[in-house]
Amino acid sequence: MNILKIALLQIVPCDSLDKNLEKGIDYCRKAKALGADIALFPEMWSNGYRIYDRPVDEWKAEAISVESDFVKAFGVLAGEINMAVGITLLEKYENHPRNSMVLFDRFGRQQFTYAKVHTCDFDVERHLTPGEDFHVASLDTACGEVKVGAMICFDREFPESARILMLKGAELILVPNACPMELNRLSQLRGRAYENMLAIATCNYPASVPDCNGGSNVFDGVAYLPELKGSRDTCILQAGKDEGIYIAELDLAQLRRYRNSEVHGNAYRRPEKYGILIDSKVEEPFVREKVR
C-alpha cells in the first residue's frame with residue numbers, strides 16, 4: 001500500500017524563540033521515530049501566535065526572516081532525519097510581517113514559502129502583510145512524489161483557496177491553525193476536501209493554549225468507494241484536546257484512483273460562467289464595517 005504518514009504536532013509553544021526551536025526539533029524527531037513522512041506545526045510556531053492582547057510593535061519585533069537560523073535549522077533537520085517539515089513563523093517582511101509557512105522536503109530543500117493570503121483583517125491580523133499567491137510543490141517522499149500545497153487558518157473560509165490549489169495539482173493541503181476546531185470549521189475543511197477530491201491536514205494548538213482546543217484533523221477527500229453502498233466518512237483523524245503527536249495514514253493509491261474516476265474537482269467545472277468571482281466591482285449583498 002502507498003501510505004503517506006502525516007504527523008500533526010499539536011503542541012504547546014514556549015515563551016521564547018530559542019525554546020520553540022528546541023521543542024520543535026525535539027517533536028520532529030519524535031514524529032520521525034513514529035514513522036512520519038511529513039511533520040506539520042500549528043500556525044506561527046516561532047512565537048506561538050502570541051499577537052493578541054499585546055502592543056503591536058512588541059510582537060512585530062518578534063518577526064524573523066525565512067533565512068534566519070530558526071528556519072534554517074528545520075531545513076537541516078529535515079535532511080538529517082529524512083522527513084519533510086512544514087515550519088510556521090511570524091515572517092519579517094518589508095514594513096509589516098507575514099504569517100507564513102516554509103515547507104522543506106526530506107532532503108532539507110526548501111520547496112516554498114507560503115504567506116497567509118486571507119489575513120483576519122477584522123482583527124489584529126490587519127497589521128500583517130497578506131500573501132499574494134498559493135503554491136504547490138512536488139514533494140519527494142518515501143511514497144514517491146506527492147503534490148502538496150498550503151493554506152493557513154482563515155484561508156479555510158474561502159472555497160477559492162482550496163480550489164486554486166486543486167487546479168494547480170495539489171493532492172494534499174497542509175493547514176497550520178490557531179483557533180477552535182468546532183463543527184462549522186470542521187465542516188468547511190470536510191467540504192474543501194470533498195469538493196476538490198484532495199486530502200486536507202490541519203494542525204491546531206492544544207486546549208491549554210488560549211482560544212484553541214486541539215482537534216487537529218485530516219480529511220482524505222475520498223467520499224465513495226466501489227465496495228461501499230453510499231458515502232463514507234472522509235475524516236481519517238481527529239485529535240483530542242491534549243498536547244501530542246497525531247499521525248494520520250493517507251492512502252495515496254486510493255486517493256489517486258478516486259481522483260481518476262469521480263465527478264468532483266475539475267471534472268465538470270464551467271469556468272466561463274464564474275466571471276463574477278473575480279469582479280472586484282461587484283456590489284456586496286450585505287454591509288459590514290471594514291477596519292483595514
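Tutor: A nonpolar core is a set of buried Ala, Val, Leu, Ile, Met, Phe, Trp, Tyr and Cys residues joined through side-chain atoms within 4.5 Å. The model discussed here is predicted.

Student: How many residues has the largest nonpolar core?

Tutor: Nonpolar side chains tend to be buried together in soluble globular proteins. In this model, the residues with the most contacts inside the largest nonpolar core are Leu4, Leu8, Met101, Leu172, Ile173 and Leu174. The number of residues in that core is 46.

Student: Which residues does Leu174 touch, not counting residues up to four places away in sequence?

Tutor: Leu174 is among the residues with the most contacts inside the largest nonpolar core. Leaving out residues up to four places away in sequence, Leu174 touches Ile38, Leu40, Met101, Leu103, Val148, Gly149, Ala150, Met151 and Ala201.

Student: How many residues are in the second, separate core?

Tutor: Ala31, Met83, Val85 and Leu89 are included in this second core, which is separate. Its residue count is 37.

Student: Why are the buried residues of α4 on the same side of the helix?

Tutor: Helix α4 covers residues 159-167, and Ser161, Ala162, Leu165 and Met166 are buried in it. An α-helix has 3.6 residues a turn, so residues three or four places apart point the same way.

Student: What covers the buried residues of α4?

Tutor: The buried residues in question are Ser161, Ala162, Leu165 and Met166. What covers them includes β6 (136-141), β7 (144-150), β8 (172-176) and α5 (183-196).

Student: Which residue with a positive phi follows α4?

Tutor: The phi of this residue is near 105°. The residue that follows α4 is Gly169.

Student: Where does Glu94 lie, and is Glu94 buried or exposed?

Tutor: Glu94 is not a glycine, yet it has a positive phi of about 45°. Its place is the loop between β3 (84-91) and β4 (98-104). Exposed means over 50% relative accessible area. Glu94 has a relative accessible area of 69%, so it is exposed.

Student: What is the phi of Asp211?

Tutor: Asp211 lies in the loop between β9 (199-203) and β10 (217-219). With a relative accessible area of 58%, Asp211 is exposed. Its phi is positive, in a residue other than glycine, and is near 60°.

Student: How much space lies in the second largest pocket, and which residues are closest to its centre?

Tutor: The second largest pocket holds about 540 Å³ of space. It is lined by 30 residues, and the closest to its centre are Tyr49, Tyr52, Ala178, Pro210 and Asp211.

Student: How many residues of that pocket's lining are charged?

Tutor: The lining of the second largest pocket also has 17 nonpolar and two polar residues. The number of charged residues in the lining is 11.

Student: How far apart in space are Asn184 and Asp211, C-alpha to C-alpha?

Tutor: Asn184 is found in helix α5 and, at 52% relative accessibility, counts as exposed. Asn184 and Asp211 are 27 residues apart in sequence. Their separation in space, C-alpha to C-alpha, is 16 Å.

Student: Which residues does Arg185 touch, not counting residues up to four places away in sequence?

Tutor: Arg185 is in helix α5 and counts as partly exposed at 23% relative accessibility. Leaving out residues up to four places away in sequence, Arg185 touches Arg156, Glu157, Cys179 and Pro180.

How values were computed:
Residues are numbered from 1 along each chain as its sequence is written. This is a predicted model: local features need pLDDT of at least 70, side-chain atom pairs count only at pLDDT 80 or more; totals for chains, interfaces and linings use all residues. Side-chain values use heavy atoms; hydrogens and water are left out. On a 1 Å grid over the protein atoms alone, a cavity is a set of points where a 1.4 Å probe fits but cannot get out, and a pocket is an open set with protein on both sides within 12 Å along at least five of seven lines; lining residues have an atom within 4 Å of a point. Grid points are joined across faces, edges and corners, and a volume is the space filled by probe spheres set on the points. Ala, Val, Leu, Ile, Met, Phe, Trp, Tyr, Cys and Pro count as nonpolar, Asp, Glu, Lys and Arg as charged, and the others, Gly among them, as polar. Buried means under 20% relative accessible area, exposed over 50%, partly exposed in between (1.4 Å probe, protein chains only). Contact means heavy atoms within 4.5 Å. Helices (H or I, at least four residues) and strands (E, at least two) are DSSP runs, numbered from the N terminus.
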